[in-house]
Amino acid sequence: SLPPPLSLPAARAVPYGNMATLVQYVVLRGDLARPPRSWPLGAVVAQGCHAALAAVHGYREHPDTGAYLEQGGAMRTVVLEAPDENSLLDLAEMLRQKGLDHRVWTENPEGIPTCLALRPYPKNQVQPHLRNFKLLK
């Protein structure tokens, strides 16, 4: 006869356990909400949402993205401010050169780059590259 099956404790899905906290960084252009553009708050927030979703969708197969989404209400997102279009595009180029996955959102039909979002990353992998940007206020 066969030995009785082993009884193992149930595995619990805890994304990243003790590893670094997963964070999605979103960098919005602060000048969009100020004169002369003076976009409404909702329009600016929508740009951040579009960029964040584009990054998550674009990198949906990456294990960090899956682990981040599994966190549900515990997901961490940090929204930073790029002062203007040039600073946003310079950041995008630096991230590209460093091989860091991200998406730049361009509002159409105007063709205005408005926001950049990285895919979810362990915080310590990307925070040093973003230290020149302040929290969006």
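This is a predicted model: local features need pLDDT of at least 70, side-chain atom pairs count only at pLDDT 80 or more; totals for chains, interfaces and linings use all residues.
Reader: Start with helix 2. Which of its residues are buried?

Author: Helix 2 runs over residues 63-70, and its buried residues are Asp64, Thr65, Ala67 and Tyr68.

Reader: Why are those on the same side of helix 2?

Author: Because they cover an arc of only 165° around the axis, which puts them on the same side of helix 2.

Reader: And on the other side, which residues are exposed?

Author: Pro63 and Glu70 are exposed there.

Reader: What covers the buried residues?

Author: The cover includes strand 1 (22-29), helix 1 (41-58), strand 2 (76-82) and strand 5 (121-122).

Reader: What follows helix 2?

Author: Gly72, with a positive phi, near 55°.

Reader: Different topic. How many residues are in the largest nonpolar core?

Author: It has 17 residues. Tyr25, Val27, Leu80, Leu91, Leu116, Leu118 and Leu130 are those with the most contacts inside it.

Reader: Which elements give two or more residues to this core?

Author: Strand 1, strand 2, helix 3 (85-97) and strand 4 (112-118) do. Helix 3 provides the largest share, 4 residues.

Reader: Take Leu118. What is it in contact with, leaving aside neighbours within four places in sequence?

Author: Gln24, Tyr25, Ala55, Leu95, Leu100, Asp101, His102, Val126 and Leu130.

Reader: What other core lies apart from the largest one?

Author: Another core, of 11 residues, lies apart from it, with Leu32, Trp39, Ile112 and Ala117 among its members.

Methods. Residues are numbered from 1 along each chain as its sequence is written. Side-chain values use heavy atoms; hydrogens and water are left out. Buried means under 20% relative accessible area, exposed over 50%, partly exposed in between (1.4 Å probe, protein chains only). The arc is that of the directions from the helix axis to the C-beta atoms. Contact means heavy atoms within 4.5 Å. A nonpolar core is a set of buried Ala, Val, Leu, Ile, Met, Phe, Trp, Tyr and Cys residues joined through side-chain atoms within 4.5 Å.
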